[in-house]
Amino acid sequence: MSLFRTKPVEQSIEDAEGGEHRLRRTLSALDLTVFGIGVIVGTGIFVLTGVAARNTAGPAVAISFVVAGVVCALAALCYAEFAATVPVAGSAYTYAYSTIGEFPAWIIGWDLMLELALGAAVVASGWSGYFASLLKNFGIYLPPSIAGDEAVFNVPAALIVILLTGVLVAGIKMSARFNGAMVAVKLAVVLLVIIAGAFFVKGANYQPFIPPSHQMAAGEGMKAPLIQVLFGVQPVAYGVFGVFTAAALVFFAYIGFDVVATAAEETRRPQRDLPIGIIASLIVCTILYVAVSLVVVGMQHYSELSVSAPLADAFRSVGQPWMATLISVGAIAGLTTVVMILMLGQSRVLFAMCRDSLLPRSLARVHPTFRTPYRITIVIGAVTAVLAALIPLSAIAELVNIGTLFAFVIVAVAVVILRRTRPDLPRSFRTPFVPVVPILSVLASAYLMLNLPVETWIRFFAWMVVGTAVYFLYGRRRSRVAATGSSAVLRPSVQAGGEADSPA
């Protein structure tokens, strides 16, 4: 049963509090909230509103955002309990190691690479497109071979990744300040969109609020949703079911709030601040999404909305084209923070895996001045820059979604397990109504996963097979937990951010 050996929670906390791999605790609840907003508010608010309203929900897309927010809230409550109880870098990987076992923890760590590293590369490619579009407004035209969807070598995408890698290496506080500045810009743009757009809202555009339902064209072959292949369920547009179909689509605008948990070791008061950062950022973003969706469908009839640039085109439709440039600025600021925080999360997950020797331990070295895991950060930056520059990622972008949902399932299950196996652990935040909330989180995540295409599932399983091979060829034999045997266990009073007791 060595595949399911667990790492004691106390040992994880001890690793975080001392030795050469200790990170600097500087982040506050406000920093974490801004990190969460920075990674959640990206292209979703500028693109998905139009896609969901026009194709599946109509004006009721605002309800779809609320439904998706509730689904995310179920997962967020589970993450908040774990983040407060085990405030250690690694997020879902660390939680799984403490509850389910080493091999499942490895699988979830490997899976998080889909959400974080691949996600950062996908967003960097999108950033390049917005950047090139903004330059056109000033008469500067980048050759298609170096920028945009058809680029042979996407130079802007690679450069933004390299720049953000430098920011991440320079320290967590520097990263927080840079993120704060970018979040301020994009929030200003989003609020301006809401306030300015409200003056052009027409009540007639909200009628009917929930359009009559009809079946959508079924997918074919590998592109068909798994739920259609397994159960013959046909996708529905509009009506009540269309609202939930749209919720499955706009859910992906929320992806990223879980990254807040990866900064646990760099938080001053993790037991208090991590739950605040996770939940507050989710609430703020849900309010913004609902407000923007109500404005955009009020400005322009849902059937006429653009699916590529709904906000910009809505303002053009009311004779305000200048807002298109401003929205591009907001999108660039938004995507910049998304790329940076996804890379931050990836570096902390791999840092935890390297510290446990499941990956080369030398990569977990912390910079003597900046107190950041600089080696693994540089490696991630280099790989992400190459992916963003050379590989057309649109075809595999949905792997980011399935990777995130799989992590949600693992964390929800782990909360229930840790409640039963370690009821003695101090919990400054407790997920309410356990096991009901975790079970609902698992069911909601599983439903959204079933709505993904068959080809996405095949690629996901292929990635898992590769990860399994890496574990058995490298990680299992070098595991630090396996090498040390029974780890020193600290008394339950040990809390991250304070002084550790002596080994029992």
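Hi everyone. Some ground rules before we look around. Because the model is predicted, local features need pLDDT of at least 70 and side-chain atom pairs count only at pLDDT 80 or more, while totals for chains, interfaces and linings use all residues. Residues are numbered from 1 along each chain as its sequence is written, and side-chain values use heavy atoms, with hydrogens and water left out.

Let's start with the rings. How many aromatic pairs does a search of the whole structure find? The search gives 20. To pair, rings of Phe, Tyr and Trp (its six-membered ring) need centres within 6.5 Å; planes under 30 degrees apart are stacked, over 60 edge-to-face, and the rest tilted.

One of these pairs is phenylalanine 103 with tyrosine 471, a tilted pair at 5.3 Å centre to centre, with 50 degrees between the planes. Phenylalanine 103 sits in helix H6 (residues 102-136) and tyrosine 471 in helix H17 (residues 454-478), so this pair links parts of the chain 368 residues apart. Helices here are DSSP runs (H or I, at least four residues), numbered from the N terminus. Are these two residues buried or exposed? Both phenylalanine 103 and tyrosine 471 are buried, where buried means under 20% relative accessible area, exposed over 50%, and partly exposed in between (1.4 Å probe, protein chains only).

Next, tyrosine 254 and tyrosine 289 form an edge-to-face pair, 5.1 Å centre to centre and 90 degrees between the planes. Tyrosine 254 is in the loop between helix H10 (239-250) and helix H11 (270-299), and tyrosine 289 is in helix H11, so the pair ties together parts 35 residues apart in sequence. Tyrosine 254 is buried at 0% relative accessibility, and tyrosine 289 is buried too, also at 0%.

Now to the core. A nonpolar core is a set of buried Ala, Val, Leu, Ile, Met, Phe, Trp, Tyr and Cys residues joined through side-chain atoms within 4.5 Å. The largest one has 157 residues, and Tyr79, Tyr93, Phe251 and Phe257 touch the most other members. Helix H13 (residues 322-355) contributes the most, 19 residues. Ring pairs also join Tyr79, Phe82, Tyr95, Phe251, Phe257 and Phe408 into a cluster.

Alanine 60 is buried, at 0% relative accessibility. Beyond four places in sequence, alanine 60 is in contact (heavy atoms within 4.5 Å) with Phe209, Ile210 and Val243.

Definitions and conventions:
Helix = DSSP H or I, 4+ residues; strand = E, 2+ residues; numbered from the N terminus.
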